[in-house]
Amino acid sequence: MKKKMMSLVSVLLLSLFLVTSVSAAESTSGTNEEASSTDISWSYTKVDADGNVIEEGIIPMQKSDDGIIKPQVAWRGITLYNGEAVTFKPEGSRGLYAVKGTNMNIRYQLSRPANHYVWIRAIETPPYEWRSEGTKQTVTDTYKAPVTDYYIGYMASLSSDPFTINIFEITF
């Protein structure tokens with residue numbers, strides 16, 4: 001009788017342990033986990049100098065073990081010719097949602113130093129934006145969201161020769 005009782009207690013403890021382990025695993029890797037700004041794919045719309053859409057696509061993204069965002073597949077980039085522009089936003093959304101005071105890390109890389117204009121702008125409160133103009137090949141900067149809003153990115157070519165956007169990301 002004592003052996004049966006010990007076996008029953010052991011089975012109950014083992015069952016309790018398994019239920020606790022499975023529950024913990026679901027809460028860390030299931031749908032309860034909040035999405036990070038590093039877990040998104042950026043969609044883009046490229047327009048010509050007259051504002052006509054000439055290309056649309058997605059920059060597939062994946063966070064690597066070292067925390068750097070890298071494309072999941074071979075990606076050819078977005079080539080801009082003089083007067084062309086491209087708008088970036090998270091795939092399937094109005095923009096990247098950021099609460100006032102959030103530090104947004106902005107990073108992009110061009111195929112070569114080229115004259116261009118870029119901004120990150122709040123959609124519903126357009127006067128608020130981060131912007132840069134120049135010929136830098138790589139830009140890394142931080143922008144503190146001045147308002148709670150959805151944010152989108154924009155880049156225009158001011159260069160006489162084409163260049164390719166190899167990397168574009170906003171993380172926080």
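## Aromatic pairs and salt bridges in a predicted model

The protein chain averages a pLDDT of 78, and 69% of the residues score at least 70. pLDDT is the predictor's confidence in each residue, from 0 to 100. This is a predicted model: local features need pLDDT of at least 70, side-chain atom pairs count only at pLDDT 80 or more, and totals for chains, interfaces and linings use all residues. Residues are numbered from 1 along each chain as its sequence is written, and side-chain values use heavy atoms, with hydrogens and water left out.

Over residues 4-36, pLDDT stays under 50. The model has 4 contacts (heavy atoms within 4.5 Å) beyond four places in sequence for residues 4-36. Where pLDDT is low, the predicted coordinates should not be read in detail.

**Aromatic pairs.** Rings of Phe, Tyr and Trp (its six-membered ring) pair if their centres lie within 6.5 Å; planes under 30 degrees apart count as stacked, over 60 as edge-to-face and the rest as tilted. The count comes to 5 aromatic pairs. Phe88 and Phe168 are stacked, because their ring centres are 3.8 Å apart and their planes at 10°. Phe88 lies in strand β6 and Phe168 in strand β13, so the pair ties together parts 80 residues apart in sequence. Strands (E, at least two residues) are DSSP runs, numbered from the N terminus. Buried means under 20% relative accessible area, exposed over 50%, and partly exposed in between (1.4 Å probe, protein chains only). Phe88 is buried at 0%, and Phe168 is buried at 0%. Trp42, Phe88 and Phe168 form one aromatic cluster.

Trp119 and Tyr154 are also stacked, with ring centres 4.8 Å apart and planes at 15°. Trp119 is buried at 9%; Tyr154 is partly exposed at 23%. Arg121 lies over the face of Trp119, 3.9 Å from the ring centre. For this, CZ of Arg (or NZ of Lys) must be within 6 Å of the ring centre and within 35 degrees of the ring normal.

**Salt bridges.** A salt bridge is a side-chain nitrogen of Lys or Arg within 4 Å of a carboxyl oxygen of Asp or Glu. The count comes to 7, including these:

| Pair | N to O distance |
|---|---|
| Lys46, Glu84 | 3.4 Å |
| Arg94, Glu124 | 2.3 Å |
| Arg107, Glu169 | 2.8 Å |

Arg107 lies in strand β8 and Glu169 in strand β13, so their pair ties together parts 62 residues apart in sequence. Arg107 is partly exposed at 24%, whereas Glu169 is buried at 8%. Salt bridges that share partners join Lys46, Glu55, Arg76 and Glu84 into one network. Lys46 and Glu84 are both buried.

Technical notes
Helix = DSSP H or I, 4+ residues; strand = E, 2+ residues; numbered from the N terminus.
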